[in-house]
Amino acid sequence: MNILGIIPARYASTRFPGKPLIDIAGKSMIQRVYEQATKAVSLHKVIIATDDERILDHVQAFGGNAQLTATHHPSGTDRCAEVAQQHPEFDVIINIQGDEPFINPSQIDLLASCFTNTEVQIATLVKKISTTADLDNPNLPKVVLSHNNRAIYFSRSPVPYLRGVAKENWLNTHAFHKHIGMYGYNRGTLLMLAQLQATLLEETESLEQLRWIDNGYAIYTAKTDIETVAIDTPEDLEKALQLLGNT
């Protein structure tokens, strides 16, 4: 099984323009993500998929693999699909978030391991929620899991609702999970996902994966205990620098 890691990197970000090129203690964010991804033993190749020449030139300057993609893609999934279309030699694609400079390679390997089950078309990671702040944070999508760890639903709200249980006791009563935004797909499935139209559920929650569930795709999950650090705003960057200084 040949596995390709793809890191979508878009220059134009509403909250943080030029985010992939920001400096984090001497290295750009995209270089840090790339270097962490190449440590994953499951990946046979890693490619940064970008819509901007500045990112392309920067990646090539530090010796990374990069490919220029179309500017019109609405999501990282679509950007990954364009690259996957040109690489039929790979069976599985891992979509790695370009804003997590400290991503743990073992998480990539854990996600890749899901595809030893030939029934898996899509897989992602989840982590048990341990704080009320995370449970109530709409920027951290929650995942409802079936008994066999398939994702039944994703929501920005805490789900399921625990009727008859005081909110402060929810975490002690039920295992809630948050979504870790890294996906794996078998190549054929990824190409089909890129052809799907947005659905009402997706638009309501602003969560792309609901489109896949709406269209009958099963999303398998693997559980991780490792916390991720995403950089969406300049404030997040300050937190990341503090974390780096403490390691």
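Cys-80 has a relative accessibility of 0% and therefore counts as buried, where buried means under 20% relative accessible area, exposed over 50% and partly exposed in between, with a 1.4 Å probe and protein chains only. The model is a predicted one, in which local features need pLDDT of at least 70 and side-chain atom pairs count only at pLDDT 80 or more, while totals for chains, interfaces and linings use all residues. Residues are numbered from 1 along each chain as its sequence is written, and side-chain values use heavy atoms, with hydrogens and water left out.

**Helix α3 and Cys-80**

Cys-80 is located in helix α3; helices (H or I, at least four residues) and strands (E, at least two) are DSSP runs numbered from the N terminus. The helix covers residues 76–85 and is mostly covered, with 7 of its 10 residues buried. The buried residues of α3 are Thr-77, Asp-78, Arg-79, Cys-80, Ala-81, Val-83 and Ala-84. When residues up to four places away in sequence are not counted, Cys-80 touches Ile-6, Pro-8, Asn-95 and Leu-190, a contact being heavy atoms within 4.5 Å. Ile-129 lies 49 residues from Cys-80 along the chain, and the C-alpha atoms of the two are separated by 29 Å.

**Overall architecture**

The protein chain contains 10 helices and 11 strands. Its radius of gyration is 18 Å, close to the 18 Å that the globule rule gives for 247 residues, so the chain is as compact as a globular protein of that length. That radius is taken over C-alpha atoms, and the rule is 2.2 Å times the number of residues to the power 0.38. Along the principal axes, the C-alpha trace spans about 60 × 40 × 35 Å.

Of the 247 residues in the protein chain, 50% are buried. Among contacts with a separation of 6 or more, 69% join residues 24 or more positions apart. The chain exposes about 11,700 Å², of which carbon and sulfur atoms supply 48%; accessible areas come from the Shrake-Rupley method with a 1.4 Å probe, and for residues only the protein chains shown count as cover.

**Strand β1 and Ile-7**

Ile-7 belongs to strand β1, residues 3–9. This residue is buried, with a relative accessible area of 0%. Not counting residues up to four places away in sequence, its contacts include Ile-30, Val-33, Tyr-34, Ala-37, Val-46 and Ile-48, as well as Ile-96, Gln-97 and Gly-98. Ile-7 and Ile-94 are 87 residues apart along the chain, yet their C-alpha atoms are separated by 8.4 Å.

**Charged side chains**

The chain has 21 positive and 28 negative side chains, and the centres of the two sets lie 4 Å apart. Lys and Arg count as positive and Asp and Glu as negative, with His and the chain ends not counted; the place of a charge is NZ of Lys, CZ of Arg, CG of Asp or CD of Glu.

A search of the whole structure finds 8 salt bridges, each defined as a side-chain nitrogen of Lys or Arg within 4 Å of a carboxyl oxygen of Asp or Glu.

| Pair | N to O distance |
|---|---|
| Lys-27 and Glu-35 | 2.8 Å |
| Asp-52 and Arg-54 | 2.8 Å |
| Glu-227 and Lys-127 | 3.5 Å |

Glu-227 is partly exposed at 44% relative accessibility, and Lys-127 is buried with a relative accessible area of 11%. Both residues take part in a network of salt bridges that links Lys-127, Asp-134, Lys-178 and Glu-227.

In the Lys-27 and Glu-35 pair, Lys-27 is partly exposed at 31% relative accessibility, and Glu-35 is partly exposed at 26%. In the other pair, Asp-52 is buried at 11% relative accessibility, while Arg-54 is partly exposed with a relative accessible area of 45%.

**Backbone geometry in loops**

The peptide bond from Val-159 to Pro-160 is cis, with omega near 0°. Pro-160 lies in the loop between β9 (151–155) and α6 (170–173).

Ala-25, although not a glycine, has a positive phi of about 50°, and this residue sits in the loop between β2 (23–24) and β3 (27–28). Asn-149 is a residue other than glycine whose phi is also positive, near 65°. Asn-149 is placed in the loop between β8 (142–145) and β9, and it is partly exposed with a relative accessible area of 28%.
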